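Please find below a short note on selected residues.

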Amino acid sequence: MAQEVESRAVELEIRGKKRVFDVDDPVLPDWVDEEALKSGDFPYNKKLKEDEYLEELKALQVELVKVQFWLQATGKRVMALFEGRDAAGKGGAISASSAHMNPRLARVVALTKPTDREAGQWYFQRYIAQFPTAGEFVLFDRSWYNRAGVEPIMGFCTQKQYEDFLAQAPQIEKVISHEGIFFFKFYLDIGREMQLKRFHDRRHDPRKVWKLSSMDIAALTKWDEYSEKRDRMLKQTHTEFAPWTVVHANDKRRARLNLIRHMLKTIDYDGKDKDAIGKLDDKIIGQGPKFLA
């Protein structure tokens with residue numbers, strides 16, 4: 001039996017128009033369907049073809065396996081954070097990146113709500129415990145950057161804790177860089193109608209309904225608040241030693257290919273095939289808050 005998800009119709013203001021969206025209605029509104037791909041100023045009017053995507057992804061996954069062999073041989077470490085709004089495609093990007101890696105050496109971290117003990121610790125403590133050891137590739141499905149977005153918006157931290165986080169995060173990340181860890185911070189950005197479409201898909205696909213939470217529904221009317229927090233996070237924590245890589249992710253296929261390419265281009269591993277990696281699409285991927293502008 002499909003999980004029951006509490007919901008209600010909400011009135012939204014999107015680009016000056018009043019819209020009503022009911023995630024429980026099995027019929028996706030035309031205004032969502034028609035605008036989803038191009039929402040958020042996405043630069044393409046069609047998704048990448050599946051056969052082209054799969055061919056390019058296979059070549060990139062071969063390179064990722066080479067990276068793993070190189071990590072084993074050298075003891076180097078890789079850590080990647082995947083951030084973005086709910087339904088931005090973080091989980092799918094992580095799956096595409098790690099699908100053919102040795103699971104003993106590639107680990108996905110998706111921490112749940114802190115325990116009482118963890119809640120009493122220094123905020124970064126439980127994340128640091130998950131950092132990679134020699135030869136390991138660790139991918140974070142959300143990270144300490146929860147405190148830069150969802151926590152202050154939903155009232156899970158105080159204003160002081162939020163401000164302290166923005167001051168401390170670059171200091172922690174400077175240490176990560178000094179340690180020699182290859183450190184990637186990805187922010188997957190999607191348009192508003194695309195998020196609504198993906199929420200609707202989750203609600204009405206029995207295989208995906210577990211992905212839709214009451215928190216997602218609560219966030220529907222807080223788009224502008226999330227945008228404000230995103231912009232401040234990118235501005236205050238984008239540094240030379242730990243830059244944000246922003247990915248336009250309305251088309252999941254283009255997003256996945258480009259973020260994997262970015263990692264492969266950054267790491268100087270043995271047997272690197274530059275032709276197989278290909279070129280980054282600068283319409284899809286770029287550095288820091290200026291790329292969103």
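1. In which strand is the place of lysine 185? The model is a predicted one, and in it lysine 185 lies in strand 6, which covers residues 182–189.

2. Is lysine 185 buried or exposed? Lysine 185 has a relative accessibility of 1%. Because the limit for a buried residue is under 20%, lysine 185 counts as buried.

3. Which polar partners does the side chain of lysine 185 have? With the side chain of glutamate 173, the side chain of lysine 185 forms a polar contact of 2.8 Å. The lysine 185 side chain also reaches the backbone oxygen of threonine 237, at 2.7 Å.

4. Most residues other than glycine have a negative phi. Arginine 15 has a positive phi, near 50°, and is placed in the loop between strand 1 (10–14) and strand 2 (17–21). Alanine 87 has a positive phi as well, near 75°, and is found in the loop between strand 3 (78–84) and helix 3 (90–98).

5. Arginine 15 counts as exposed because its relative accessibility is 59%, with the limit for exposed set at over 50%. Alanine 87, at 5% relative accessibility, counts as buried.

Key
Residues numbered from 1 in each chain as written. Predicted model: local features only at pLDDT ≥ 70, side-chain atom pairs only at ≥ 80, totals over all residues. Heavy atoms only, no water. Helix = DSSP H or I, 4+ residues; strand = E, 2+ residues; numbered from the N terminus. Buried < 20%, exposed > 50% of the residue type's maximum accessible area, 1.4 Å probe, protein only. Polar contact = N/O pair within 3.5 Å; in protein donor to acceptor, adjacent residues only side chain to side chain.
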